[in-house]
Amino acid sequence: MATLRELKTRIGSVASTEKITGAMKMISSAKVHQNEQALRKLQPFKDKIKSIMGHILATDENFDSPLIRQREVKRAGIVVYGSDDGLCGAYNINILKGFLIRVDAIRNECGQDVEIDVYPVGKKMEKAVRRLRDPRLNVMGYEGVDSKMQGEKVTEFTHSLRDRFSNGELDRIDVVYMKYKSMSRQILTDEILFPVSEQAIAGEATGESDNQLYIFEPDANSIFNEVLPMFVLSTMQEITIENRSSEQAARVMAMQSANDNARKLLEELQLEYNKLRQQSITTELLDILGGQVER
C-alpha cells in the first residue's frame, strides 16, 4: 500500500503532466488555425488556376502534355506524408496502413514485379517505411523535405517529381496523406499526382458560365502546358498544408485525451490520498485516547 509521501509525489507528477498536456493542446490548436489561414491564402491562387483551366477546356481542343501521357508502369513512386514529431496518437500508423494498401493496389493493377520508389515526408514516416522488409520498395531521401517544409521547398520537391516523371524515370507517382476536414475529422486520402488525369483537371476546373469567347495567344495548347505545372504545384502545396493541419489536429485530440486521463487519475489519487490521510489521523486519535484510558 502506498504511503502518504508516495501518493503526494504521484499527485504532483500527474498534476504536472496535466499542465503540460494542456499547454501542448493549446499550442497545437494555435498551429491548426495558422494552417487554416495558410489554406485560405492559397485558395485565390488555386481558384484562378481552376478558372483558367476551365476556359481552356471549354475550347474542346485536343491537348497534349508530357504530364498527362500514360504509359506502361514499370517503376512507380509514392509520396507518403507523415509527421516529424510524435504525440499525435495513431496519426502516423493510420497513414502507414493507407500507404501499404496503396502499394498493394498498384501491384495488383500494374503487376507484382513493379518497382516502387517511396518518398517519405516526415522523420516518423521515414523510420516506419525503412522498417518494411520489401526488396521492391526503395526509400528515397530528399534533403530538406519534411512535414514542416515551406512553399519554396514544396516547389523544389514538386519540380523534382515532375522531372522524374517527364524523363521516364517514374511512370506513375501517387500521394498518400491525411486530408483535413475539421479538428475532429481527418480523412486518409490517396491520389495520382502524375500522370495528371483528365478527370482530375475537369473536376477542379471551373469555367465561367457566361459563354464568353476567348482568344488564346499563342494557342490554347501552349497555355495549357504552361498552366498545368502550376495546377500540380498548387495541388502539392494544398496537400502539404492539409497534412500539416491534420497532424496538429490529431495532436490536439491526443493531448485532450491525455489531459482528460491525467485529470481523472489526479482525482482518483487525491481521493486515495484523502482517505489514507483520514485513516492516519483516526489511528493517531485512537492511540491518544488509548493512552488516556490506560492512565
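Lys123, Lys124, Lys127 and Arg131 together make up a positive surface patch. This is a predicted model, where local features need pLDDT of at least 70, side-chain atom pairs count only at pLDDT 80 or more, and totals for chains, interfaces and linings use all residues. Residues are numbered from 1 along each chain as its sequence is written, and side-chain values use heavy atoms, with hydrogens and water left out.

**The patch**
- Patch members have over 30% relative accessible area and no salt bridge, and like charges are joined within 9 Å.
- A salt bridge here would be a side-chain nitrogen of Lys or Arg within 4 Å of a carboxyl oxygen of Asp or Glu.
- Lys123 sits in helix α3, which covers residues 123–130; helices are DSSP runs (H or I, at least four residues).
- Lys123 counts as exposed because its relative accessibility is 56% (exposed means over 50% and buried under 20%, with a 1.4 Å probe and protein chains only).

**Ser28**
- You'll find Ser28 in helix α1, residues 4–57, and it counts as buried because its relative accessibility is 3%.
- Beyond its neighbours within four places in sequence, Ser28 is in contact with Gln248, Arg251 and Val252 (contact means heavy atoms within 4.5 Å).
- Ser28 and Met253 are 225 residues apart along the chain, with 9.5 Å between their C-alpha atoms.

**Glu238**
- Glu238 belongs to helix α6, residues 220–294.
- With 16% relative accessibility, Glu238 counts as buried.
- Leaving out residues up to four places away in sequence, Glu238 touches Leu39, Leu42, Gln43 and Lys46.

Notes. Patches are made of residues with over 30% relative accessible area and no salt bridge: like charges are joined within 9 Å, nonpolar side chains (Val, Leu, Ile, Met, Phe, Trp, Tyr) within 5 Å. Accessible areas come from the Shrake-Rupley method with a 1.4 Å probe; for residues, only the protein chains shown count as cover. Lys and Arg count as positive and Asp and Glu as negative; His and the chain ends are not counted. The place of a charge is taken as NZ of Lys, CZ of Arg, CG of Asp or CD of Glu. Helices (H or I, at least four residues) and strands (E, at least two) are DSSP runs, numbered from the N terminus.
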